[in-house]
Amino acid sequence: MQTFQAIMKIWRGQFLAAAVIALFLTGCNKPSSAPGVGGDTIKVGEFASMTGSEATFGQSSHKGTALAIDDLNAAGGVLGKKFELLMEDDQSQAGQPATVVRKLISRDGVVAILGEVASSRSLEAAPICQQNKIPMISPSSTNPKVTEAGDYIFRVCFIDPFQGTVMANFALHTLHLKNVAVLTDVKSDYSLGLAKFFKEGFIAGGGKIIAEQNYSGGDKDFNAQLTSLKSSKPDGIFVPGYYTEAGLIALQAKQLGINVPLFGGDGWESSSLVPIGGAALEGDYFSTHYSPEDTSPAVQDFVKKFKAKYKETPDAMAALGYDSAMILAAAMKSAGTTDGAKVRDALAAVKDFSGVTGKITMDANRNASKPAVILTIKNGEFKYVETISP
Ligand code: PHE
């Protein structure tokens with residue numbers, strides 16, 4: 001009998017514990033409010049590569065995004081509520097964006113998603129946002145396919161058909177190159193797209209692509225590809241990849257005695273590029289979205305605020321992260337609600353929004369048409385060269 005009572009007691013105890021846990025879990029799982037109604041804050045999700053091979057991308061864009069949320073909240077938020085930014089690290093790894101974005105939507109009940117920097121990771125998350133009717137704004141993914149995922153997917157940056165053409169014209173008319181080699185990361189949608197658009201533009205302008213080689217993001221040794229490219233005697237090498245590999249490629253190219261300029265796109269922009277590539281990068285070029293040297297009050301204001309908060313100079317991803325959050329807030333304000341479909345309509349109607357990275361107007365395909373900036377590496381620093389308008 002005693003044993004029976006003891007068992008009953010334990011069982012009751014377990015039952016109670018289970019009930020408490022169940023209650024707690026339901027409470028946690030349920031979004032604190034249906035989108036647009038109730039709730040103390042407006043929950044905005046962000047997914048970013050805070051760690052891994054593109055860690056500086058996520059860290060920069062997150063800093064910019066968080067600064068915008070601070071600014072918005074200091075001004076009272078929108079619709080009478082403050083913003084709450086819920087950020088998830090996708091570790092620069094394929095597979096993670098889908099997992100963390102699902103979590104943000106179903107567990108946390110966010111009403112919008114900001115991210116990602118890298119096109120492949122935005123492409124992974126976009127269909128999930130689209131299915132759930134949650135507006136997604138990529139700060140800086142430039143591959144055209146990203147916004148083709150559906151009418152809830154936006155970006156505040158230019159796209160690679162433009163960026164590729166800009167670099168093709170720069171190679172032809174400023175660097176006076178005629179025979180260019182291309183070294184592409186076949187694991188990255190960004191790299192594949194930018195390589196394609198560059199080649200089309202360069203050939204259309206009368207240039208010749210004399211050699212092409214591939215690598216996979218994460219590779220460390222590029223000697224085989226570079227040796228092969230060297231033998232075709234290019235007068236420049238286009239490297240449409242991310243900074244970790246671009247830095248190593250520059251370094252190994254110099255070691256092989258390749259002394260022609262290397263140039264790439266926005267994927268080069270990182271505070272880690274020069275620490276990786278060192279002096280081998282001197283005189284190389286890349287295109288990006290903004291320069292902190294821009295003397296416009298919008299840029300200088302932003303640089304000042306950013307430096308005060310983080311003690312560092314903001315790069316393009318930080319500026320675009322800031323703009324992505326500001327545009328979302330403006331769309332919610334003009335929609336008068338956080339309801340997904342209405343915010344989507346307001347985002348689609350964004351016109352002449354004054355961002356840090358310039359005037360932002362959403363075109364019919366939910367892309368922003370904006371100028372590109374070309375930077376060079378001089379004495380280990382990024383220096384402004386020129387701005388090219390669409
Ligand atoms: N445009 C790159 C992509 O689509 C990401 C990037 C943006 C990198 C801005 C650096 C600066 O993958």
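Predicted model: local features only at pLDDT ≥ 70, side-chain atom pairs only at ≥ 80, totals over all residues.
Local features are reported only where pLDDT is at least 70 and side-chain atom pairs only at pLDDT 80 or more, while totals for chains, interfaces and linings use all residues. Residues are numbered from 1 along each chain as its sequence is written, and side-chain values use heavy atoms, with hydrogens and water left out.

The protein chain is assigned to domain 1 (41-158 + 294-371) and domain 2 (161-288), with bounds that come from an automatic or database domain assignment. The centres of the two domains, taken over C-alpha atoms, are 28 Å apart, and the contact between them (heavy atoms within 4.5 Å) takes 20 residues from domain 1 and 19 residues from domain 2. About 1400 Å² is buried between domain 1 and domain 2, with carbon and sulfur atoms giving 54% of that area; buried area here is the accessible area (1.4 Å probe) that two parts lose on being put together, summed over both. On the side of domain 1, Thr56, Phe57 and Phe158 supply 32% of the area buried against domain 2, more than any other three residues. One salt bridge is found across this interface, where the term requires a side-chain nitrogen of Lys or Arg within 4 Å of a carboxyl oxygen of Asp or Glu.

Helix H13 (residues 340-348) has Gly340, Val343, Arg344, Ala346 and Leu347 as its buried residues, buried meaning under 20% relative accessible area, exposed over 50% and partly exposed in between (1.4 Å probe, protein chains only). Seen down the axis of H13, these residues fall within an arc of 165 degrees, so they line one face of the helix; the arc is that of the directions from the helix axis to the C-beta atoms. They pack against strand E4 (136-138), strand E5 (153-155) and helix H12 (316-335). Helices (H or I, at least four residues) and strands (E, at least two) are DSSP runs, numbered from the N terminus.

With a disulfide taken as a pair of cysteine sulfur atoms within 2.5 Å, the count comes to zero. The sulfur of cysteine 129 has its closest cysteine sulfur in cysteine 157, 16 Å away, which is too far for a bond.

In the backbone, the peptide bond from glycine 115 to glutamate 116 is cis, with omega near -10 degrees, and glutamate 116 is found in the loop between strand E3 (112-114) and helix H4 (119-131). Lysine 133, which is not a glycine, has a positive phi near 55 degrees; this residue is found in the loop between H4 and E4 and is exposed, with a relative accessible area of 51%.
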